[in-house]
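This briefing is for a reader who is new to the structure shown below. It is grouped by topic and can be read with the model open alongside.

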Amino acid sequence: MSLTRRRTAAALLALPLALSATPALAAGGGGRPRPRTLHIAGDSTAAQKYADAAPETGWGMALPFFLGRSLAVANHAMNGRSSKSFIDEGRLTALLEGVRPGDLVLVQFGHNDEKTEDPTRGTDPYTTYQDCLRQYIEGARARRAEPVLITSVERRRFAGDGTAKATHGEYPAAMRALAAQEGVALLDLQALSLARWQELGPDGTLAYFNWLDPGESPNYPAGRQDNTHFAPKGAVEVARTTARALLDERVLAPRDLRRLDEPVPESWITWPQA
C-alpha cells in the first residue's frame with residue numbers, strides 16, 4: 001500500500017472520534033471551541049528557553065507566529081533528551097495525557113540519540129531509535145491524533161570548501177524509512193535546513209546560531225560559539241520552514257497558517273523566567 005493510501009486509511013479509521021474534536025462539539029468553558037493543539041516532543045533545538053539562557057531560542061518558541069488562531073502549541077521539548085530518555089523519564093506519557101482527537105504530535109529526535117556512549121540516551125538508528133519512535137506514533141494514534149515525524153534540524157557545519165555538512169549519520173534515513181513503513185507524515189527538516197545553510201554559507205549562518213561576542217549577553221559574559229542552538233533569527237527561520245513543510249505535506253491547510261512569506265521581527269521572541 002502506498003504512503004498516501006496508508007495515511008488516508010489511518011485518517012478514515014480516526015474519523016469517528018476526530019469528529020468529536022470539531023468546533024461544534026469540542027467546546028471548552030463557556031461553549032468556546034477548543035483549539036487543535038500541536039504537541040512537540042523533541043530536544044533542545046525545539047525547546048522553550050528561559051531568561052537565563054537568552055538569546056538562545058528553540059524553534060518551537062517561534063512556531064505559533066506561523067499558525068492560525070484555531071491552533072495552539074504545547075511545547076514539551078526538553079534540553080538534552082533523546083527519543084529514549086524522553087520516554088524513560090515519563091515525558092511521553094505526560095504529553096499524551098493532554099492529546100485530544102484531531103491534535104498533532106510532532107516528534108523531532110536525533111541529536112542526542114547519536115550519543116551512543118551514554119546508555120540513557122543513545123540509540124541505534126535502525127533498531128532502538130525506530131522502536132522508540134513507534135511508541136510516539138502508536139501513542140498519538142491511540143488518541144486519534146496525527147503523529148508527524150521530523151528529521152533533526154542540521155547543525156552549522158561546513159567543509160573547507162564551504163559546503164554545508166550533514167552531521168546526523170543514519171538517523172534521518174532511519175526516520176524516513178519508518179515514516180514510509182508506518183504511513184506517517186514526514187517533515188524532512190534535516191534536508192531542508194541543510195539546503196538553507198548551504199544557501200547562506202559559513203558567514204551568513206552566523207546570525208542564525210547562538211554566536212555571541214564577549215560581553216554581548218550577560219548570560220554569556222565570555223561569549224559563545226554554538227553551532228547547534230539557535231539565535232532568534234534562526235529559530236524563526238526553522239519554525240517558518242516547519243510550518244511550510246506542514247502545508248506541503250498536507251498535514252495543515254492554508255487556512256491553518258499565516259505569515260509564511262512575511263517578516264517576523266526577532267523582537268517577538270520572549271524568554272520567561274524559569
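A search of the whole structure, which is a predicted model, finds nine aromatic pairs. Rings of Phe, Tyr and Trp (its six-membered ring) count as a pair if their centres lie within 6.5 Å; planes under 30 degrees apart are called stacked, over 60 edge-to-face and the rest tilted. A pair of aromatic rings is described by the distance of the centres and the angle of the planes.

**Aromatic pairs and a charge over a ring**

- Phe 109 and Tyr 136 form a tilted pair, with 5.5 Å from centre to centre and 45 degrees between the planes.
- This pair links distant parts of the chain, as Phe 109 is in the loop between β3 and α5 and Tyr 136 is in helix α5, 27 residues apart. Helices (H or I, at least four residues) and strands (E, at least two) are DSSP runs, numbered from the N terminus.
- Phe 109 and Tyr 136 are both buried. Buried means under 20% relative accessible area, exposed means over 50%, and partly exposed is in between (1.4 Å probe, protein chains only).
- Phe 209 and Phe 230 also form a tilted pair, at 5.2 Å centre to centre and 45 degrees between the planes.
- Phe 209 belongs to strand β6 (residues 209–212) and Phe 230 to strand β7 (residues 224–230), so this pair ties together parts that are 21 residues apart in sequence.
- Phe 209 is buried, with a relative accessible area of 1%, and Phe 230 counts as buried at 0% relative accessibility.
- Trp 197, Tyr 208, Phe 209 and Phe 230 are linked into a cluster by ring pairs.
- The charged end of Arg 156 sits over the ring of Trp 211, 5.1 Å from its centre. A charge sits over a ring if NZ of Lys or CZ of Arg is within 6 Å of the ring centre and within 35 degrees of the ring normal.

**The sheet and the helices across it**

- An open sheet is formed by five strands in the order β2-β1-β3-β4-β5, with parallel pairing. Two strands pair if DSSP finds at least two bridges between them.
- β2 (71–75) and β5 stand at the edges with a single partner strand each, so one side of each is left without a neighbour in the sheet.
- Neighbouring strands of the sheet are turned by 25 degrees against each other on average, direction ignored.
- β3 and β4 pair in the parallel sense over four bridges. Val 105 has Pro 147 in β4 as its bridge partner.
- Helix α6 (residues 171–182) lies across β3, β4 and β5 and runs at about 155 degrees to β4. Axes are lines fitted to C-alpha atoms, for helices over the stretch in contact, and angles run from 0 to 180 degrees between N-to-C directions.
- α8 lies across β1, β3, β4 and β5, running at about 150 degrees to β5.

**Nonpolar cores**

- The largest nonpolar core has 40 residues, and those with the most contacts inside it are Trp 59, Leu 63 and Leu 106. Such a core is a set of buried Ala, Val, Leu, Ile, Met, Phe, Trp, Tyr and Cys residues joined through side-chain atoms within 4.5 Å.
- Elements that each supply at least two residues of this core include β1 (36–42), α2 (59–62), α7 (189–204) and α8 (232–248). The largest share, seven residues, comes from α8.
- Apart from this core lies another, of 25 residues, among them Val 105, Tyr 129, Ile 137 and Ala 140.
- Leaving aside neighbours within four places in sequence, Trp 59 is in contact (heavy atoms within 4.5 Å) with residues including Ile 40, Gln 108, Phe 230 and Val 238.

- Glu 237 is found in helix α8 and counts as buried at 16% relative accessibility.
- Not counting residues up to four places away in sequence, Glu 237 touches Arg 196 and Tyr 208.
- Glu 237 and Arg 196 are 41 residues apart in sequence and 9.4 Å apart in space, C-alpha to C-alpha.

**Backbone exceptions**

- Most residues other than glycine have a negative phi, and most peptide bonds are trans.
- The peptide bond from Ala 54 to Pro 55 is cis, with omega near 10 degrees. Pro 55 is in the loop between β1 and α2.
- Arg 144 is not a glycine but has a positive phi of about 55 degrees. Arg 144 is placed in the loop between α5 (125–142) and β4 and, at 30% relative accessibility, counts as partly exposed.
- Arg 250, also not a glycine, has a positive phi of about 60 degrees. Arg 250 lies in the segment after α8 and counts as exposed at 76% relative accessibility.

**Basis of the values**

- Residues are numbered from 1 along each chain as its sequence is written, and side-chain values use heavy atoms, with hydrogens and water left out.
- In this predicted model, local features need pLDDT of at least 70 and side-chain atom pairs count only at pLDDT 80 or more, while totals for chains, interfaces and linings use all residues.
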